[in-house]
Amino acid sequence: MIHRFTLPNGLRVVVDPADAGPLVGVAVHYGVGFRSEPPGRAGFAHLFEHLMFDGSEYFPARGYLAEVLAAGGDASGTTHQDYTDYFHTVPGPALERALFAEADRMRAPRFTATGLAEQLSGVEGEIRQALHEAPLGGFPWPLLPALLFDTHPNAHDGYGDTGALARVTVADCEEFFRLHYGPGNAVLTVSGAGDVARVQRLVTRHFADIAHRPAPTPPDLAEPDLTEDRVSVRRFPGLRPGAGAVAAGYRLTDPAGGLEGYLAHMVLAGLLRGQRRSGTAGPIASAECGFFGPLDALTPDTFTVTLRHPNGADPQETLSHLDRALEAAADGLPASRVAGTARRLAAGLHRTGHGPTARARGLGRLELLFGRAELHDELPARVGEVGAARVAAAARGLLTTRRATLVAEPAPTRPRPAPRAPARPAVSGAPPTAKPAMPDDVPAAEPAAPGGVQAARPVVSGVVPVAGSAVSGVVPVAEPAEPGVVMAARPAEAEVVTAARPAEPGVVAAARSAAPGGVQAARPVVSGVVPVAGSAVSGVVPVAEPAEPGVVMAARPAEAEVVTAARPTEPGVVATARSAEAGAVVPAVGSRRSLGLRRHHALGRPGTDRWRVVAVRDDRVPLCEVRVRLTPPPGLGAARLHAHARVLGARWDAQPLLAGGGHTVRVLGGRVHLDGWFTADAAPRWPTLLGELVGVPPGVDELTAAAPAAARALRAAHRSHEGLLDHVLPHLLTGRPVPPLEPALPADVLTAEAGRPAPWTDGLVVLVGDIATAAEGTLKAVLDGSPVADPPAEDGPVPAGPARSGLVHLRAPGPPQLVWTVRERPYPTPRPDPADLAARYLAAVVLGSGHPSARLTRLTTPEAPLGFPVFAGRDTAYGAPRLLVTAWPPATGAARAAHAVHGEITRLADVPPTDREVEAARHFTDGQLHAVFETQAHLADQVAAWELLGLDTGRTGAFTDAVRNLTAAEVARARHAILPDSGLVGVLTGRTGEPEVTP
């Protein structure tokens with residue numbers, strides 16, 4: 001049940017007592033977005049969002065942000081059309097600290113000329129990357145609104161012009177704060193705290209004395225009627241030939257006055273996307289309600305459909321595919337099809353809407369915009385009830401509504417947009433949107449430059465050169481992707497301090513920091529730990545022993561709230577703060593609790609550990625998350641691996657019981673990774689479904705159908721950073737020659753393998769969710785049915801020779817990305833001792849996990865004086881554990897940055913970590929360990945990463961105890977295990993000014 005109250009100064013407060021385990025989400029939504037900006041101030045709301053992280057009266061110089069990051073926490077902010085939100089997730093005992101910090105920021109932020117200059121630099125970088133460097137920068141947002149709408153609030157560029165923003169002064173910032181950031185224009189939301197009365201006391205203590213300020217007059221968002229269709233053609237120089245796109249925009253019904261109609265449009269969008277997945281949609285690539293997602297803006301909102309558009313084609317012909325799809329929906333689609341889509345959307349809302357962060361953000365947004373925080377919990381059921389008649393009415397409305405059409409075509413140059421004409425908006429070029437992605441879960445990419453890849457000298461002078469770097473023959477450049485494949489992605493929220501979570505737990509991957517001058521808050525998984533919240537290092541709360549075999553235990557920690565203020569003398573820990581206003585002691589972020597995670601015992605066929613199933617119960621939402629990791633035998637080849645991955649995905653799609661969920665299938669690190677989720681009603685049949693997914697030999701029809709998709713996926717992999725790594729690293733790490741890129745296999749070659757056993761030498765299945773009735777049967781079915789065949793005796797890990805140390809540089813689309821990696825010293829036993837894992841873990845965190853005192857965090861170069869994102873992590877790939885350091889260096893000076901990263905890695909081998917560094921790493925890690933409970937998906941990711949690293953999830957208690965108790969000397973010894981003498985291998989991909997160096 002949602003609770004509300006309002007303070008005398010006008011601050012609205014929403015308290016959500018839903019159980020969030022050890023975490024609490026705090027969000028503040030202010031009623032100001034880029035539609036609030038007057039003429040001449042375009043982009044100011046986003047710039048101001050950055051400035052709000054610079055510091056406040058009690059926490060100057062980003063003090064609270066640094067504290068949260070040091071404790072393994074998350075803090076971020078985003079700017080939208082009608083609101084700006086600030087949110088973070090902390091352990092329950094740190095709730096008061098979080099509220100105190102938000103109150104201090106609402107009361108007295110600090111704006112300085114230095115901070116303003118740094119944040120301007122960050123905003124300029126965002127605009128440059130998203131508008132000028134992305135192949136479809138600004139498509140469809142914010143280019144499409146400028147065509148669809150006429151008034152300044154709705155049509156103008158929300159990121160602004162960098163020249164105009166450079167004229168902003170500190171006085172301008174102070175005035176903007178006074179006008180828009182008063183308590184009467186804000187909603188504070190707390191999710192997961194449990195005790196509503198306590199939350200009310202804390203909020204009153206810290207917010208009640210903030211002075212009331214009148215709420216600003218909201219902007220006039222009324223629009224004149226659209227009396228005719230509008231079409232504008234834009235040419236993009238970064239767009240590869242054949243990859244044109246069309247975006248059709250419609251003004252959407254007002255959700256405040258017609259929610260049922262709005263929800264029908266959400267289901268209609270889902271049906272259009274479903275056609276794309278089923279291959280029946282022609283050029284339709286995506287369909288969405290809202291540029292930033294459904295129910296994210298006041299009226300007028302937008303219904304947007306993007307389509308692939310071949311060069312030279314008539315845009316109206318491309319749009320005719322959309323019109324035919326809408327006509328079919330208007331005539332009435334089968335009720336079962338509409339119901340299935342509605343159920344899938346409802347389940348997706350459950351999946352993305354639980355967890356303390358998502359709930360705090362969603363409840364606060366809906367309360368601010370519509371006065372109905374309860375909609376967050378009502379939406380899944382209400383969307384699930386949408387039927388064919390309501391969808392037909394929505395489709396008929398779009399067919400009779402005028403629309404704006406933005407056409408994107410390749411061009412040699414992209415001119416700067418002309419100023420807006422007073423009577424009619426021009427389609428103005430504007431800043432950032434997320435880069436479009438291809439269907440079938442393959443990122444869109446531009447082809448490499450024509451011609452062969454030539455061997456050259458290593459890029460990084462001073463780095464050990466690659467032995468025998470010359471290659472006989474030329475590595476061929478991959479052919480371009482299917483022409484015209486584009487899916488417009490939702491615009492990236494303007495994030496100040498949080499980069500995207502990594503795609504694969506245990507593997508470092510993070511988005512660029514949106515504010516180069518700010519503290520980087522985004523942390524990838526280090527040793528597989530998903531970041532969110534912090535906790536202190538004093539005191540130990542042991543984890544309970546695993547349950548009896550075959551019993552599924554809840555994944556919730558004990559609810560005893562033990563508040564332990566961090567000791568001021570502990571290195572890396574922020575001391576307890578005292579609130580001058582209330583005279584109360586406010587514990588610093590970081591108070592420790594038991595993980596309380598239990599699991600089934602590890603299972604495999606007798607005498608082997610080739611097939612493991614781990615089941616963890618988490619019934620917060622009626623869903624199940626599944627992670628499947630399948631390892632092929634050496635020498636299978638990338639083409640066959642992609643084909644079998646596509647068969648796996650097609651089998652998932654063909655299962656009616658899984659239709660209420662979704663999945664992705666990728667080839668990564670030499671494995672097939674299936675990440676899926678399904679509704680809890682399918683859980684009892686999961687044992688059978690698992691056997692049908694991975695235990696049945698592929699048939700002729702399956703391999704024939706998979707061949708085209710596998711070929712597209714392989715070509716895309718040859719153009720992607722991850723795909724190129726998978727091609728070269730297994731060979732470089734074992735000292736073998738790197739072969740040419742493997743071509744796709746024709747269907748007749750693939751079908752010759754029909755009927756053979758599934759080519760997996762081992763497998764891991766992780767199941768997290770509402771699975772009480774399914775887990776024991778799942779385990780028994782896996783063991784008895786033996787869906788994964790034993791490999792031939794001669795199959796095994798390829799003997800590792802000396803690594804070919806040095807750096808290679810391969811051309812690829814997109815900004816540069818760097819990886820340095822090394823095979824770690826093997827563990828002495830198949831299941832490593834938790835203390836050994838913990839020591840290696842902490843050594844990697846000391847090197848660079850994203851916390852402020854990590855060694856890599858402090859790296860700078862002349863081209864990046866404020867630093868660049870760089871992280872260290874550990875995973876297992878290509879049959880061995882490895883240290884992996886990933887960086888996103890500047891395009892200019894990428895070689896210098898690679899050299900700097902290499903030097904810092906090798907320095908760890910020479911200079912052992914100090915007591916202070918280990919204590920800071922311990923404090924950061926202890927916070928990350930609690931973050932695994934953020935959502936079911938986070939927990940499933942984490943358990944899979946732990947198991948692949950060799951940690952028995954049932955022994956997390958021993959692991960966390962070791963993290964908290966290992967000495968600096970023990971961590972120093974572990975650094976030699978993660979950095980043996982076998983040598984570092986580096987790969988730099990992307991567009992840089994450096995010459996290409998091939999292995």
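**Salt bridges and a sheet in a predicted model**

Let me begin with Arg-178 and Glu-175, whose side chains meet in a salt bridge at 2.6 Å, N to O; the term requires a side-chain nitrogen of Lys or Arg within 4 Å of a carboxyl oxygen of Asp or Glu. This is a predicted model, in which local features need pLDDT of at least 70, side-chain atom pairs count only at pLDDT 80 or more, and totals for chains, interfaces and linings use all residues. Residues are numbered from 1 along each chain as its sequence is written, and side-chain values use heavy atoms, with hydrogens and water left out.

Both residues belong to helix α8 (residues 170-180), three residues apart, about one turn of the helix. Helices (H or I, at least four residues) and strands (E, at least two) are DSSP runs, numbered from the N terminus. Arg-178 is partly exposed, because its relative accessibility is 43%. Here buried means under 20% relative accessible area, exposed over 50%, and partly exposed in between, with a 1.4 Å probe and protein chains only.

A second salt bridge joins Arg-627 and Asp-675 (3.9 Å, N to O). Arg-627 lies in strand β15 and Asp-675 in strand β17, so the pair ties together parts 48 residues apart in sequence. Are these two residues buried or exposed? Both Arg-627 and Asp-675 are buried.
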